[in-house]
Amino acid sequence: MHALRPLLRKSLFNLFAASLACAALLAPRVANAEALLLIEAESGKVLQAENATIPWYPASVTKIMTAYVTLKAVKDGRLTLDTLLTVSPTAASQSPSKMGFRPGTQLTVDNALKMMMVKSANDMAVVLAEGVGGSIDGFSAMMNDTAQKLGMTQTSYVNPNGLPADGQITSARDLGILARSFLRDLPEYEYFVHIPAIRFGKRVTGNFNKLIGRYPGADGFKTGFICASGYNLVASATRNGRRLIAVVLGANSGTARAVKAAQLLERGFAQDNLTWLRPSLGTVDKLVPVDASPPNLREDMCGGHRKRPASDDDDALIATNGGTSGSASATGGEAQVTFFTAGLQPPLMKASELMATAAAPAEPVLVYTGPTRTGPALIAAVAADADQQTASKPRGKKSRVAKKPDAADKPADKKDAKTAAAKPADAKSDAKPAAKPAGTKHAAAKHDAAAKPAEKPASGDPAAKPKPKAATKPAAAKPANNS
């Protein structure tokens, strides 16, 4: 009996070790969670879906709905693109990324939309929400009502910018439905989702959606990032009259989400004449929702292992052997993008290489404060904004504001100290503290200037306390979600 004890102990140890190994293999790997969806814009036909109906934190892709509700109000005649809106203390207090205008500054619906969709400005989202819905709460109710009418059964909104908030949830399925609805219901305003860059005063900000100007035919939509959601992207592209919509949620960098979206789109266009060989996945509205809690990717996205704070305009390149989940077996490695010019076919380029190239040259769209202007008046307005930026520029060395890994966004989503305590906030490296304009005339603050204490970007770290003299607390941006 004594001789058998060592053997028994060894057997039990091996059994225990095997059980642990199996548990590790079977346990869900939240850190690598990812949701992918590819659909045809016109028909809604699903070409690929992975975790497409798992609930997810939307981050700044929330702003697609903010733009949809705003532009529907314009289309219905309740306001116009020239309507002047005023920056409230609540809007001014939002976390970066933001334009950083002082309370009382006025600008048009048109300019606020452009700033929100390109720079993912969280303050502009609140300006639009208050202008259309009267308050954040009122506008959020309009967003939720619209979501239900569109069939977005997995979506709920708490704020218009996607800053971290309990109850701010969506899914790849619902985002696909929203993107289709935008193209179907608001074709005359489609240009808002594919502006390559904006120029405010002397500062030019490129679209955080890396497909714009890089992927052939790219024509939308919006990025997003908060620590809990990872890097999100809703993208569209058109080729030979056929438009596809790709949704990527939970990628590990800004470049990764663009590469994955490009791979999805390329695979979809390549299937153009072979769809009859693949089993039908139905239409996006028929995908069955999953009853679950959204994965929280905070530790993976914003943990101490990252060399620098994550943000919505993250330029980190993914490994060249990376690809969408399951894509390696389907394509033999990373998908490649084919270019056709004058009937000639240049060498194939990998999606990761394509996203690493500079965007095609494009004239940035001018944005400015104040009423709608044209001709000499527009030139004068742009010059005045530029002068204000120069006047607010500090002498000597630029001051830097340290960002914590959980710094609030844009994402943008690629957004208030109070809200950041609930969930990881969205960060954007493009966003820097807004400087207080020198004059009384409203103008955009220079983003790379040192900010006054009240306008420093709020840290998304739940443990961090807001800086002294925090601006008026947002009425409904608690606890919030965005990029």
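Two strands are taken to pair if DSSP finds at least two bridges between them. Helices (H or I, at least four residues) and strands (E, at least two) are DSSP runs, numbered from the N terminus. The model is predicted: local features need pLDDT of at least 70, side-chain atom pairs count only at pLDDT 80 or more, and totals for chains, interfaces and linings use all residues. Residues are numbered from 1 along each chain as its sequence is written, and side-chain values use heavy atoms, with hydrogens and water left out.

The chain holds twelve helices and twelve strands.

Strand β1 (residues 35–40) pairs with β2 in the antiparallel sense, over four bridges. Within this pair, L36 stands opposite E50 of β2. Both strands belong to an open sheet of five, ordered β2-β1-β9-β8-β7, with antiparallel pairing. β2 (46–50) and β7 (218–226) stand at the edges; each has a single partner strand, so one side of each lacks a neighbour in the sheet. From one strand to the next, the twist averages 5°. Angles run from 0 to 180 degrees between N-to-C directions, with axes fitted to C-alpha atoms, for helices over the stretch in contact. Helix α8 (residues 254–270) packs on this sheet. The helix touches β1, β2, β7, β8 (230–239) and β9 (242–251), where contact means heavy atoms within 4.5 Å. The direction of α8 makes about 145° with that of β9.

A three-strand open sheet has the order β6-β5-β12 and mixed pairing. Its edges are β6 (203–206) and β12 (365–367); each has a single partner strand, so one side of each is left without a neighbour in the sheet. Neighbouring strands here are turned by 30° against each other on average, direction ignored. Strand β5 (residues 197–200) pairs with β6 in the antiparallel sense over four bridges. A197 has G206 in β6 as its bridge partner. Helix α4 (residues 109–119) packs on this sheet and touches β5, β6 and β12. The direction of α4 makes about 125° with that of β5.

The largest nonpolar core has 101 residues. Such a core is a set of buried Ala, Val, Leu, Ile, Met, Phe, Trp, Tyr and Cys residues joined through side-chain atoms within 4.5 Å. M65, M124, L211 and Y215 have the most contacts inside the core. M65 touches M143, T146, A147, L150, M152, Y157 and L178, not counting residues up to four places away in sequence.

Conventions:
Buried < 20%, exposed > 50% of the residue type's maximum accessible area, 1.4 Å probe, protein only.
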